[in-house]
Amino acid sequence: SQILHATAGGVGIATPSPDEALHVAGNLKVAGDDPRIKIDGDVDSHPGLELYENGTRKWIVFNNYTNDNLTFKTDSNTRMSITQAGNVGIGTRNPTCALDLDAISMRIRNSGTPSSASDTGAQGEIWGDANYLYICVAANTWKRVALETW
């Protein structure tokens, strides 16, 4: 059977009925059941995807060959990078820890209050409400610090 199908609605790889302009189905036994699109650039290139709207580039997602980070850009501004080690940088190209924010603020949209100092929690969790900042310092062990105005 044919692997590539073209219809008026799009191109299908391993599907005769593409739902989009390009539809890759997961039934290619050569590569297993995980459909993937491979973009293989030359040495010292930036293989990736560019997303446009009406001819204007909006997003770029690519491998940065200088450090092998997966980089997300809007036009020419780096918005996020993920290193090979798994560090995520928001607003930075070179994150140095698990989550590295290059910003003056961070927002947590929901508040939470542990019911007691021994409420269920995992070490490192941070919660907050209008009066306290809570940190889980060990399994099911919370400490808090009061918030004051100045």
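The charged end of Arg144 sits over the ring of Tyr132, 3.9 Å from the ring centre. Here a charge sits over a ring if NZ of Lys or CZ of Arg is within 6 Å of the ring centre and within 35 degrees of the ring normal.

This is a predicted model, in which local features need pLDDT of at least 70 and side-chain atom pairs count only at pLDDT 80 or more, while totals for chains, interfaces and linings use all residues. Residues are numbered from 1 along each chain as its sequence is written, and side-chain values use heavy atoms, with hydrogens and water left out.

**Aromatic pairs**

Tyr132 also belongs to a ring pair. The structure holds two aromatic pairs. Rings of Phe, Tyr and Trp (its six-membered ring) pair if their centres lie within 6.5 Å; planes under 30 degrees apart count as stacked, over 60 as edge-to-face and the rest as tilted.

| Pair | Centre to centre | Angle between planes | Class |
|---|---|---|---|
| Trp127 and Trp142 | 5.0 Å | 55° | tilted |
| Tyr132 and Tyr134 | 5.9 Å | 50° | tilted |

Trp127 lies in strand 10 (residues 126-128) and Trp142 in strand 12 (residues 141-146), so their pair ties together parts that are 15 residues apart in sequence. Strands (E, at least two residues) are DSSP runs, numbered from the N terminus.

Buried means under 20% relative accessible area, exposed over 50%, and partly exposed in between (1.4 Å probe, protein chains only). Trp127 is partly exposed at 27%, whereas Trp142 is buried at 5%. Tyr132 is partly exposed at 24%. Tyr134 is buried at 6%.

**Salt bridge**

Side chains of opposite charge can pair when their charged atoms come close. The cut-off here is a side-chain nitrogen of Lys or Arg within 4 Å of a carboxyl oxygen of Asp or Glu. A search of the whole structure finds one salt bridge. Arg57 and Glu50 form it through their side chains, at 3.7 Å from N to O. Arg57 is partly exposed, with a relative accessible area of 29%. Glu50 is partly exposed too, at 41%.

**Cysteines**

A disulfide is a covalent bond between the sulfur atoms of two cysteines. The test is a pair of cysteine sulfur atoms within 2.5 Å. By this rule the count is zero. Cys97 is in no disulfide; its nearest cysteine sulfur, that of Cys136, is 20 Å away. Cys97 is partly exposed, with 36% relative accessible area. Cys136 is buried, at 1%.

**Surface patch and loops**

A nonpolar patch on the surface is formed by Leu4, Val11, Leu22, Ile37, Ile39 and Leu49. Together these residues have about 560 Å² of accessible area. Accessible areas come from the Shrake-Rupley method with a 1.4 Å probe; for residues, only the protein chains shown count as cover. Patches are made of residues with over 30% relative accessible area and no salt bridge: like charges are joined within 9 Å, nonpolar side chains (Val, Leu, Ile, Met, Phe, Trp, Tyr) within 5 Å.

Ile39 lies in the loop between strand 3 (22-24) and strand 4 (48-53). Ile39 is partly exposed, at 42%.

Asp19 sits in another stretch, the loop between strand 2 (10-13) and strand 3. Asp19 is exposed, with 61% relative accessibility. Asp19 and Gly9 are ten residues apart in sequence. In space they are 7.4 Å apart, C-alpha to C-alpha.

How values were computed. Helices (H or I, at least four residues) and strands (E, at least two) are DSSP runs, numbered from the N terminus.
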